[in-house]
Amino acid sequence: MTAHDRVYFRFAREHYVGRPLRDPEHVEALLEAAEVPPGKVDESFWRQVTPDWVWGISSAPFDKKDCGRVNAAYRRHCARRGVKP
């Protein structure tokens with residue numbers, strides 16, 4: 001199991017009651033866009049991610065005023081992986 005897999009499974013265990021709305025590719029794209037290594041993901045990181053992104057309502061994982069660059073990078077990483085943001 002890779003470090004990204006461990007992050008995804010921890011994310012899914014903590015945020016989903018039923019079927020996951022975000023795939024491992026989404027979480028990996030999110031980490032790359034935010035430039036956060038899998039070993040540095042903690043609860044404070046997840047608090048920065050919008051609930052609308054977690055539940056699949058929004059394609060923008062961050063909503064702070066200076067997050068445009070990271071959200072754009074996230075969309076690019078998703079496109080590279082062939083998944084819809």
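Helices here are DSSP runs of H or I with at least four residues, and strands are E runs of at least two, numbered from the N terminus. The model is predicted: local features need pLDDT of at least 70, side-chain atom pairs count only at pLDDT 80 or more, and totals for chains, interfaces and linings use all residues. Residues are numbered from 1 along each chain as its sequence is written, and side-chain values use heavy atoms, with hydrogens and water left out.

Select Asp42 to start. Asp42 sits in the loop between helix H2 (24–34) and helix H3 (43–48). Its relative accessible area is 39%, so Asp42 is partly exposed (buried is under 20%, exposed over 50%, partly exposed in between; 1.4 Å probe, protein chains only).

Next, show the aromatic side chains. The structure has 7 aromatic pairs (rings of Phe, Tyr and Trp, the latter by its six-membered ring, with centres within 6.5 Å; planes under 30 degrees apart are stacked, over 60 edge-to-face, the rest tilted). One of them is Tyr8 with Phe9, which is edge-to-face because the planes meet at 65°, with ring centres 5.7 Å apart. Tyr8 is buried at 8% relative accessible area, whereas Phe9 is partly exposed at 43%.

Move to Trp53 and Tyr74, an edge-to-face pair with 5.9 Å between centres and 80° between planes. Trp53 belongs to helix H4 (residues 51–54) and Tyr74 to helix H5 (residues 68–81), so this pair ties together parts 21 residues apart in sequence. Both Trp53 and Tyr74 are buried.

Finally, select Tyr8, Phe9, Phe11, Phe45, Trp46, Trp53, Phe62 and Tyr74 together: they form one aromatic cluster.
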